[in-house]
Amino acid sequence: MKLSALRSVASVRTTALALTAALSVALLAGTASADPQKAPSVTSVSKDGRTWHLKVYSAAMDTEIPVDVQRPLDDSQPAPNLYMLSGLDGGEGSASWQGSTDALNWLSDKPVNVVLPIGGRGSYYTDWLQKDPALGLNKWKTFLTEELPPLLDDTLHSNGLNALAGLSTSGTSVLQLAEAKPGLWKSVAAYSGCAQIADPAGQAFVKLSTETWAGGDTKNMYGPSDGPLWAANDPVINAEKLRDTLLYISSGSGIPVMGDVQYYMNGAGPMGAVNLGLGMVIEGAVNACAHNLKDKLDSLSIPATYQFNPIGTHRWSYWEDALHTSWPLLAQGMGLTQP
């Protein structure tokens, strides 16, 4: 090869190496100067008397989550946190502890921070595989077990002791969350929740709630019906993880009393009868789930407190009563000695 050709090749190689080096430096510089991922944080606190309205940034969901907290009468001393999850609509509407019960007033003399996350309609407060077109990005398990607790402890100066209560769909969620992070919540109360989700009956209940009523797609939640995530998130299958947690499990039989009939039929016309029938069937189904959980816990010699009412449909008045009945156990887990 001629000397001029060799020089030409060498020149091309030198130019290529220089361009590669420059590009590498630019890429590294860009990486170094890029903003790091935002960390979970309490972005704002608005105080309305004893109620604090928090906005909490979730890095997992890349959004701000509203969290209401009812502070104890005496907030000069560290207090425990009682997390209360709402049902299918995630506390976004009137079907919530705040809107459908007198729970906050009843708890107002208790020395606890009452924590009410708002959001997660139809999500079961779990981590979904992928974003759902209707229900968005849901990483509630990560938010409630990893992101929110240390932020609350810091913001509220709480004492680090927690209890957790939920009803209907979140009656399933509270058991899943307790199994996901054993020891985070010392006591857990599940009211009218279906504890099994991996078998066909349990899956049907989840799909009825998330798909039929909330408009989501459970394939985005746990994958296909035969996928492994259904069993991985089934509270009955994973019941061993509930050991050493104080447990309260309640449900009705589905048999209505006159108060149930009046509640559903009052001014509702034909739909009243439909809703009454649904309230009966749903509560009967979750009652069977709750008994299956009892059988599994008994087989593992894991103690729990059960309240299986011989009557009752799927509605808020029963869950409000269950909160009152379960309070001594919730209080015990939070280290409270007063009734």
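## Aromatic pairs

Across the whole structure, a search finds 11 aromatic pairs (rings of Phe, Tyr and Trp, the last by its six-membered ring, with centres within 6.5 Å; planes under 30 degrees apart are stacked, over 60 edge-to-face, the rest tilted). The model is predicted: local features need pLDDT of at least 70, side-chain atom pairs count only at pLDDT 80 or more, and totals for chains, interfaces and linings use all residues. Residues are numbered from 1 along each chain as its sequence is written, and side-chain values use heavy atoms, with hydrogens and water left out.

Tryptophan 106 and tryptophan 327 form an edge-to-face pair, 6.2 Å centre to centre with 90° between the planes. Tryptophan 106 belongs to helix H3 (residues 103-106) and tryptophan 327 to helix H11 (residues 316-333), so this pair ties together parts 221 residues apart in sequence. Helices here are DSSP runs (H or I, at least four residues), numbered from the N terminus. Tryptophan 106 is partly exposed at 25% relative accessibility, whereas tryptophan 327 is buried at 2% (buried is under 20% relative accessible area, exposed over 50%, partly exposed in between, with a 1.4 Å probe and protein chains only).

Tyrosine 222 and tryptophan 230 also form an edge-to-face pair, with 5.2 Å between centres and 70° between planes. Tyrosine 222 is buried at 2% relative accessibility, and tryptophan 230 is buried at 1%. Ring pairs also link Trp97, Tyr191, Tyr248, Trp316 and Trp319 into a cluster.

## Charges over rings

The charged end of arginine 71 sits over the ring of tryptophan 52, 4.5 Å from its centre. Lysine 294 lies over the face of tyrosine 306, at 5.4 Å from the ring centre. The criterion is NZ of Lys or CZ of Arg within 6 Å of the ring centre and within 35 degrees of the ring normal.

## Glycine 171

Glycine 171 lies in helix H5 (residues 169-180) and is buried, at 0% relative accessibility. Leaving aside residues up to four places away in sequence, glycine 171 touches Gly166, Ala190, Tyr191 and Gly193 (contact means heavy atoms within 4.5 Å). Tyr191 is also a member of the ring cluster. Between glycine 171 and alanine 189, 18 residues apart in sequence, the C-alpha to C-alpha distance is 7.7 Å.

How values were computed
Helices (H or I, at least four residues) and strands (E, at least two) are DSSP runs, numbered from the N terminus.
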